[in-house]
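I would like to get to know this protein step by step, through questions that can be answered from its structure.

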Amino acid sequence: MRGLMYQLKSVWKDKFCIMSFLLPIIVALTLNFIGGIDLSPVSEFHFGVLENDLSAETVSWLERYGSVAVYESQEELITAINEPSTNMIGVKADGRSIQTMVSGDELDLFRQTADTLPSLYMGRENAKQISLTVLKRPDMMAGLQNIFIAMTLIVAMFMGCTFNAMNMISEKENGIDLVNQILPMTQSGYVMQKISVGFTGGCLSAVLTACCYFRLPVKHAILMLTLIILSAFTAALIGLFIGKFSESLMEGVVYIKIIMIIFMAVPLVSYLLGARGLISVFCYFVPSSASFEGIMNLADSNKPVIAKDIFILAAHGIIWFLLYLLISKWQKKHA
C-alpha cells in the first residue's frame with residue numbers, strides 16, 4: 001500500500017499526467033454548457049430588401065420565413081449580400097413576382113431557398129388553402145453531443161495508459177527501475193502496483209467526466225461504471241507495454257499519441273461509416289471500439305444492450321494482462 005502511495009505521489013508531480021486527467025472533465029463541462037445554447041438562429045433565413053421597393057404585403061410575407069433588413073441603396077444591399085459571415089438572400093421586385101440575389105458562398109440550404117423563393121411567392125395564394133402541420137425543430141446538437149461526449153469519455157477511460165507509461169519512463173530515466181529490479185517483489189506484485197496507478201486515475205477521470213454530462217438511472221449508471229472499470233484496466237495494461245518498450249520520454253510520447261489516435265479514430269470512423277460484418281469484427285481488436293459502442297447505446301437507448309461490449313472489454317483485459325506477464329517472464333529468463 002505504501003508503494004502505491006509513492007507511485008501516485010510521483011504521478012501527480014507530472015504536469016502531463018495532470019493535464020490528461022483534467023482535460024476530459026473540462027471538455028465534458030464545456031459540452032454540457034454548449035448543449036444549453038439555442039443554435040436555431042444559425043439556420044434562420046435573413047432577407048435583404050431595398051427601401052420602398054417591395055410592397056408591405058411582400059415584406060410581411062418574407063417576415064414569416066425569416067428576418068428582413070431594409071437598405072437605402074443598391075450598393076449597401078450588395079455589400080450585405082457579399083459579406084462572407086452571412087447567408088443573406090437579397091430580394092427585389094420583378095413585376096408581379098420577386099427576384100433573389102445571392103453571393104454564391106452560402107450553404108446549399110440558402111442557395112436552394114433563393115432558387116425556389118420566387119416560385120413560392122407566385123403560389124402563395126394557393127398555399128393558403130393547404131393544411132400545414134408544424135413539426136418541432138430537431139435539436140441540432142443532440143446527435144453530435146453524444147459522439148463528442150463518447151470520445152471524451154474514451155480519452156478519460158484510456159488516460160491510465162498515459163499515467164503508467166509516463167511513470168515507468170520516468171523511473172527508467174531516474175534509475176529507479178534498476179532499484180525495482182532488485183527489490184523483493186514478485187513480478188505479478190509489481191504489475192498490479194503499476195496497473196493500480198493508471199487504473200485509479202483513469203477510473204476517477206472517467207467517472208467525473210460522465211457525471212458532468214450524463215444523468216443516468218441507477219441501472220444504466222452501473223453499466224456505465226462497468227464499462228469505465230474494464231476500459232481503464234485495459235488502458236493501464238497498454239500503458240505498461242509503452243513504458244516497458246520506450247527508452248526515452250519523447251519515444252513514449254510518440255507511442256502514446258499513436259495509441260490515442262487509434263483509440264479515437266477506429267470507433268469513430270466505424271460508427272460514422274456504419275461498419276458491419278467482418279470489418280466491425282476487426283474494429284473490436286481495438287478495445288475503445290467496444291467502449292464507444294457501449295457509451296452510445298447507453299446515451300441513445302432506454303434499454304441498452306451492452307453485454308457484448310462488456311465481454312469484449314473483459315477479454316481484452318485478460319489477454320493483455322497474460323501477455324504482459326509472459327513477455328516479462330521471458331525477458332527475465334533471457335536477461
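What follows is a set of questions and answers on this predicted model.

Me: How many helices and strands are there in the protein?
Reply: The model is a predicted one, and its protein has 335 residues, of which buried residues make up 42%. Counted by type of element, the protein has 15 helices and four strands.

Me: Which residues have the most contacts inside the largest nonpolar core?
Reply: In soluble globular proteins, nonpolar side chains tend to be buried together. Here the largest nonpolar core has 47 residues, and helices 2, 7, 8, 10, 11, 12, 14 and 15 each supply at least two residues of this core. Another core, of 14 residues, lies apart from it and includes Phe45, Leu62, Ile98 and Phe110. Within the largest core, the residues with the most contacts are Leu153, Met157, Phe214, Met224, Leu227 and Ile295.

Me: Which residues does Phe214 touch, not counting residues up to four places away in sequence?
Reply: Phe214 is among the residues with the most contacts inside the largest nonpolar core. Leaving out residues up to four places away in sequence, the residues that Phe214 touches are Ile149, Leu153, Met224, Ile295 and Ala299.

Me: Are helix 12 and helix 14 parallel, antiparallel, perpendicular or oblique to each other?
Reply: Two packed helices are described by the angle between their axes and the distance between the axes. The axes of helix 12 (residues 249–273) and helix 14 (residues 287–300) come within 8 Å and cross at roughly 55 degrees. That angle makes helix 12, relative to helix 14, oblique.

Me: How many nonpolar, polar and charged residues has the contact of helix 12 with helix 14?
Reply: The crossing of these two helices, helix 12 and helix 14, is right-handed. On the side of helix 12, Ile262, Phe263, Val266, Pro267 and Tyr271 take part, and they meet Pro287, Ser288, Ser289, Phe292, Met296 and Asp300 in helix 14. Sorted by class, the contact of helix 12 with helix 14 has eight nonpolar, two polar and one charged residues.

Me: Are helix 14 and helix 15 roughly parallel or antiparallel to each other?
Reply: The axes of helix 14 and helix 15 are 9 Å apart, and the two helices pack at an angle of about 155 degrees. Because angles over 145 degrees count as roughly antiparallel, helix 14 and helix 15 are roughly antiparallel.

Me: Which residues in helix 15 meet helix 14?
Reply: The crossing of helix 14 and helix 15 is left-handed. From helix 14, the residues Pro287, Ala290, Ser291, Glu293, Gly294 and Asn297 take part, and the residues they meet in helix 15 are Lys308, Asp309, Ile312, Leu313 and His316.

Me: What is the relative accessible area of Leu298?
Reply: Leu298 has its place in helix 14. Not counting residues up to four places away in sequence, Leu298 touches Leu216, His220, Leu223, Met224, Leu227, Pro304 and Ile306. Leu298 is buried, and its relative accessible area is 3%.

Me: Is Ser231 buried or exposed?
Reply: Ser231 has its place in helix 11, and it touches Met157, Phe158, Ser291 and Leu313 when residues up to four places away in sequence are not counted. With a relative accessible area of 0%, Ser231 is buried.

Me: Is Ile319 buried or exposed?
Reply: Ile319 lies in helix 15, and its C-alpha atom is separated by 9.9 Å from that of Leu237, 82 residues apart along the chain. At 54% relative accessibility, Ile319 counts as exposed.

Me: What is phi of Asn52 near?
Reply: Asn52 is found in the loop between strand 1 (45–50) and helix 3 (56–63), and at 75% relative accessibility it counts as exposed. Its phi has a positive value in a residue other than glycine, and that value is near 65 degrees.

Definitions and conventions
Residues numbered from 1 in each chain as written. Predicted model: local features only at pLDDT ≥ 70, side-chain atom pairs only at ≥ 80, totals over all residues. Heavy atoms only, no water. Axes fitted to C-alpha atoms, helices over the stretch in contact; angles between N-to-C directions. Parallel < 35°, antiparallel > 145°, perpendicular 65-115°, else oblique. Left-handed = near helix turned anticlockwise from the far one by under 90°. Contact = heavy atoms within 4.5 Å. Nonpolar A, V, L, I, M, F, W, Y, C, P; charged D, E, K, R; others polar. Core = buried A, V, L, I, M, F, W, Y, C linked by side-chain atoms within 4.5 Å. Buried < 20%, exposed > 50% of the residue type's maximum accessible area, 1.4 Å probe, protein only.
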